[in-house]
Amino acid sequence: MKKIVVIGGVAGGASAAARIRRLDEQAQIIMFEKGQHVSFSNCSLPFHLSGVVADSKKLLMMNPNSFEAKYNIDARVESEVIAINRDAKTVTVQTVEGTYEENYDKLVLSPGANPVVPALPGIELPHVFTVRNVVDIERLQKAVVENEAANIAVIGGGFIGVEVAENLKLAGRHVSLIQSANQVLTPFDFDMAQILHKEIVDQGVQLIVGDGLAAVAKGEVTLRSGKTVAADIVVLAIGVQPDTKLAEAAGLEIGVTGAIKVNQNYQTIDRDIYAVGDAIEVYHRIMHKPVRLALAGPAQKQARAAADHMYGIVNQSRGVIGSTSIQVFDYAAAATGINERTAQQIGMPVEAVYVIAPDKVGLMPSSNPLHFKVIYEVPTGRIVGAQAIGKGNADKRIDVIATLISMNGTIEDLKDLELSYSPMYGTAKDVVNMAALVASNLLAGRFKQVRVSQVRPLVESGAVFIDVREENEFANGHLKGAVNIPLSQFRERMHEIPRDVPVYVHCRSAQRSYNAVMALEHSGYSNVANVSGSFLGICLYEAFEDARLDRELIVTKYNFK
């Protein structure tokens, strides 16, 4: 009979223990958790702050009694493993009653990750909180309510930081979200993040980017710029560091990322010790290097693979691609693979297309624009990443791309992909197909594009922009200096467009402006480019930065419709 010890619960440890039981009814399985709760939905923690999850007990998924009754697993809470004794094949466990030794045949490490707490003045004050578990979120919620905290500063614009800020705002608090990078949610490229910046600000959150925390005091925080922000409570969501203390003390190898190094079967250098979850480094199948990826889905898959390997079941390690999604107030945002910024950093030759299309048939009352960006390798057309943001099913589109990436799919595969269609759920030519068609044309050299990020310097230099929207659309806001030649009048007025300078065409939809570009090219114009993202994309890209930098607008007025 095997005796298997699991250190840590939640997604990694609890999943490993449950899988081991399904494979071996006779095994003795002991799971140690140093906290009060062995299994909880850590991804749902922020939603307790707004009352979306009103009762914090609902965050708990399993308790020791249910593990015992349902799986015959001995789950011991408030039992911290303080040492792994590899030679003796035992672990040292500390409880309130003292310490004891527990032997094992196989050991699974799933200690997770700890919130980053920088060594800054005032960081130890009692109104500073982190969010890692149910106890943390209960403490934070209690402090917010009992102190009637009006002003809350959330430090860090990653997934946890944005979700905490949103839920505190929904609870009626004044929230400042402070991010040291120039954007929130760094899996998204800067151009896509601007859509989310506008939504965060529109919902009443004070968003500060490009400025980090310098000090905490009672009632306020000071930023590196010297700016002070009112803060009755401070929530640190700067990031996490893998909890490798036990592994390092036991002489297990730590990888180049600072996380526990494992092989394709999630074994450490000690073949009787496996490691899974946020504490390990994993292989990124696109970047071809080790990375850290703190996500519940991969942790559960790792746990299953480790358990299987103990019983001789072969698993193919495909590596990770990092598929994520998040709600940001009224918007859904999702991403997979690598973004354009990362591709450039690792020297991968890529191109990207950004299209805006209805997420459902336009006459449906619930139809909204969906912003979609796909990144692909040049010249192969292999898809390496995508991002989607909108009020509809952004995650659905990203799941399509994640599947294609896992199968080494290309732009040509995506172009011809047959997806389900109903006017209430999508369009006959879905936004993902549309993006692939644009990318296919770019790869083939049929036309050129400029990005929304390139528009400002072109406008400021006096470049020729042709706006092919109808006159009433143009009147509701346009680029300064743009010439309005509606597509309905385009062929009759094409002679007004100069041939001796570059011409940039844009519209409300990519399809209309593309038609205009093709008409010009077939009429002998040789230096024409389509503006990726249209006038709506330009407005969304410019709006937050215009306000933040107090700079002159390049549009007569914004139009976000």
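Predicted model: local features only at pLDDT ≥ 70, side-chain atom pairs only at ≥ 80, totals over all residues.

Me: OK, and which residue stands opposite F32 in β5?
Reply: That one is R76. Strand β2 (residues 28–33) and strand β5 (residues 74–77) run parallel and are joined by 4 bridges.

Me: What does β1 pair with, and in which sense?
Reply: Strand β1 (residues 3–7) pairs with β2, in the parallel sense, over 5 bridges.

Me: Is β2 buried or exposed, mostly?
Reply: Buried: 5 of its 6 residues are, so β2 is largely enclosed by the rest of the structure.

Me: What's the strand order in the sheet these belong to?
Reply: The order is β5-β2-β1-β9-β20, an open sheet of 5 strands with parallel pairing. On average, neighbouring strands here are turned by 15 degrees against each other, ignoring direction.

Me: Remind me, what holds paired strands together in general?
Reply: Backbone hydrogen bonds, with the strands either parallel or antiparallel.

Me: Now helices. Which strands does α1 lie across?
Reply: Helix α1 lies across β1, β2 and β9 (106–109), and it runs at about 170 degrees to β2. Helix α7 lies across β1, β9 and β20, at about 160 degrees to β20.

Me: And how do α1 and α7 cross, left-handed or right-handed?
Reply: α1 passes α7 in a right-handed crossing. The axes of α1 (residues 10–23) and α7 (residues 296–310) come within 8 Å, crossing at roughly 35 degrees.

Me: Which residues make that contact?
Reply: From α1 you have A11, G12, S15, A16, R19, I20, R22 and L23. They meet A296, A299, Q300, A303, R304, A307, D308 and M310 in α7. By type, the contact residues split into 9 nonpolar, 3 polar and 4 charged.

Me: Switching topic: what's going on around β13, and how much of it is buried?
Reply: Strand β13 (residues 174–179) has 5 of its 6 residues buried, so it is largely enclosed by the rest of the structure. Strand β12 (residues 151–155) pairs with β13 in the parallel sense over 5 bridges, and I152 stands opposite V175 in β13. β13 also pairs in parallel with strand β14 (residues 206–209), over 4 bridges. There, Q179 has V209 as its bridge partner.

Me: Which helices go with those strands?
Reply: Helix α4 (residues 159–170) makes a right-handed β-α-β unit with β12 and β13. Helix α5 (residues 190–202) makes a right-handed β-α-β unit with β13 and β14.

Me: There's also that sheet with β15 in it. Parallel or antiparallel?
Reply: Antiparallel: 3 strands form an open sheet in the order β15-β16-β17. β15 (213–217) and β17 (228–231) are the edge strands, each pairing on one side only. From one strand to the next, the twist averages 25 degrees.

Me: How many bridges join β16 to β17?
Reply: Strand β16 (residues 219–223) is joined to β17 by 4 bridges, and the two run antiparallel. G219 has A231 as its bridge partner in β17.

Me: Last one, N530. Where does it sit, and is it buried or exposed?
Reply: N530 lies in strand β32 (residues 528–531). Its relative accessibility is 6%, so N530 counts as buried; the cut-off for buried is under 20%.

Me: What is N530 in contact with, leaving aside its neighbours in sequence?
Reply: Leaving aside neighbours within four places in sequence, N530 is in contact with F447, K448, Q449, V450, V505, A510, S513, Y514 and V517.

Notes. Residues numbered from 1 in each chain as written. Heavy atoms only, no water. Axes fitted to C-alpha atoms, helices over the stretch in contact; angles between N-to-C directions. Left-handed = near helix turned anticlockwise from the far one by under 90°. Contact = heavy atoms within 4.5 Å. Nonpolar A, V, L, I, M, F, W, Y, C, P; charged D, E, K, R; others polar. Buried < 20%, exposed > 50% of the residue type's maximum accessible area, 1.4 Å probe, protein only. Pairing = 2+ DSSP bridges. Right-handed = clockwise from strand over helix to strand, strands pointing away.
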